[in-house]
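Q: I'd like to learn how to read this fold step by step. Can we go through it together?

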Amino acid sequence: MSLKSERRGIHVDQSELLCKKGCGYYGNPGWQGFCSKCWREEYQKARQKQIQEDWELAERLQREEEEAYASTQHPQGAQSLTFSKFEEKKTNEKSRKVTTVKKFFGASSRAGSKKATQETSLNPGQLGKERGADNLLRDLKEIFTPPWELPSPTEVLAGKLREVQEAKAASPISRQVSIETDRVSKDFCDFLKTYHKPGQEIYKQCKLFLEAMHHKRDLSIEEQSEYTQDFYQNVADKLHARWKVSPEKVEMAMDQIEKYIMTRLYKYVFCPETTEDEKKDLAVQKRIRALHWVTPQMLCVPVNEEIPEVSDVVVKAITDIIEMDSKRVPRDKLACITSCSKHIFTAIRTTKNEPASADDFLPTLIYIVLKGNPPRLQSNIQYITRFCNPSRLMTGEDGYYFTNLCCAVAFIEKLDAQSLNLSQEDFDRYMSGQASPKKQEPESWSADMCVGVRQMYRNLDLLSQLNERQERIVSEAKKLERDLIDWTDGVAKEVQEIVEKYPLEIKPPNPALAAIDSENVENDKLPPPLQPQVYAG
């Protein structure tokens, strides 16, 4: 969704909030701009295409395996009895696996996959079918495993016993439920009593769905989301078509169903470890902390927080958006977003003394998000997108406010100097913390301003002055360091030039002088030694 800068404010065309396929429902950035209905259709098309490609790949690999196997056969028939039995066993095993592959990837299975999913969500024998699908997947894995690498029967039996024990230990029925879960279950049963026979069927389907989700925890979060959305759609269709329930009662029933199942599944499907939701949460929080200097004037927010009533409403809006993380049900999280948005409209209306417009709402919502920095913001948005009743996100005020929140987060992630009508130099200095926007001068303070607020502004001014002094000291220190480096390099260069101009020549030492009284016949420059003479007396 494109965000435009207009009159130093943020403007989003309301048509850009709708599904890009033109169905009239609200779109969602998490669904690439589609609504829930159109996104599921696109997802199903891509999934069917992937299944077709996998089926063709399996057939090609099977043909290559058959050709490789045929090329290894000897023309002679003289083979030992043991080898013949081994080849016969291998051929039978391979034929069984080929049949399994074709059955799994057959056109009838692909065409009826969605229908089968819908029927199993309502069928009491669903767990048996789930186990059958697991067996098919195990057979597919065995196709590419050599016979000598397959586990022995004893190992297989031990593995199955471990699986049964783990399933019993981790079963959602046998585990100790929390107080909140117990309360929600009691409220759900009391609610279904008003529906009589349809209520009994709804409760039965919800229990089967929870059991099936327990066995699907190894699947990706997208597949679990798709399975949950199918369950919502199947139950709503049954209430409409089979039991002729009014649309209002269907909506109430779907809200209670969502509350019941998502309270039990929350800790398994919210911010799972297999996704990057936590990484995105940290990135958004870091980004918002870096943008703490953004003022309402930069976003052109039509809210005057100096008015006590407006200030109180802004605090309530921030409280609502932060409280969203404490809720476990997607509908309750949406309710927090809706309450926050209504407080924003109230603050705008109080400030301007006129009804608020949509162009005023989005900048103020961005400012509230920046000021509140809600915890796990991306995880909450993804959780609502994946597991909320799709009808709430496609229409109504909940869907409108949620779509605007997604736009606000997208704007914050891409916010730059141009978005705030700042120079790139000032934007970089503010982001790095080297400077901060100019604060309110003491002369412009109103007489009734809170003493604490005045002291806060004085402290901010003092911190700004200290920051400037520190910047000057750091700058001078870096300059001194550069001067020392230049001086050292200059001295070294001068010494090198002198050495090159006046090279030091080292001459070999002179030979040692011979002793005076030595018989040195070669040195004839010295007189001969004196000889003693004897005189007779």
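Q: Is C300 buried, partly exposed or exposed?

A: First, the ground rules. This is a predicted model, in which local features need pLDDT of at least 70, side-chain atom pairs count only at pLDDT 80 or more, and totals for chains, interfaces and linings use all residues. Residues are numbered from 1 along each chain as its sequence is written, and side-chain values use heavy atoms, leaving out hydrogens and water. Buried means under 20% relative accessible area, exposed over 50%, and partly exposed in between (1.4 Å probe, protein chains only). C300 is partly exposed, because its relative accessible area is 26%.

Q: What is the phi of C300, and where is C300 found?

A: Most residues other than glycine have a negative phi. C300 has a positive one, near 55 degrees, and is found in the loop between α12 (296-299) and α13 (308-323). Helices here are DSSP runs (H or I, at least four residues), as are strands (E, at least two), numbered from the N terminus.

Q: Which loop holds N353, and is N353 buried or exposed?

A: N353 lies in the loop between α14 and α15 (358-372). With a relative accessible area of 69%, N353 is exposed. Its phi is positive too, about 55 degrees, although N353 is not a glycine.

Q: What does T364 touch?

A: Contact means heavy atoms within 4.5 Å. Leaving aside residues up to four places away in sequence, T364 touches V301, P302, V303, I344 and I348. T364 is found in helix α15, and it counts as buried because its relative accessible area is 3%.

Q: At what angle do α14 and α16 pack?

A: Axes are lines fitted to C-alpha atoms, for helices over the stretch in contact, and angles run from 0 to 180 degrees between N-to-C directions. Helix α14 (residues 330-352) packs on helix α16 (residues 377-387) at about 125 degrees, and their axes are 9 Å apart. That is why α14 is oblique to α16. As for the cut-offs, under 35 degrees is roughly parallel, over 145 roughly antiparallel, 65 to 115 roughly perpendicular, and the rest oblique.

Q: Which residues of α14 and α16 meet?

A: On the α14 side they are P330, K333, L334 and I337, and on the α16 side N380, Y383, I384 and F387. By class, this contact has six nonpolar, one polar and one charged. Here Ala, Val, Leu, Ile, Met, Phe, Trp, Tyr, Cys and Pro count as nonpolar, Asp, Glu, Lys and Arg as charged, and the others, Gly among them, as polar.

Q: How do α16 and α18 cross?

A: The axes of α16 and helix α18 (residues 396-414) come within 12 Å, crossing at roughly 145 degrees. From α16, the contact uses L377, Q378, I381, I384 and T385, and from α18 it uses F402, L405, C406, V409 and E413. Those residues split into seven nonpolar, two polar and one charged.

Q: What about α7 and α8: which residues meet?

A: F188, C189 and L192 in α7 meet G199, I202, Y203 and C206 in α8. This contact has six nonpolar, one polar and no charged residues. The axes of α7 (residues 179-192) and α8 (residues 197-215) come within 9 Å and cross at roughly 145 degrees.

Q: How many helices and strands are there in the protein?

A: There are 20 helices and two strands. Of the 537 residues, 35% are buried.
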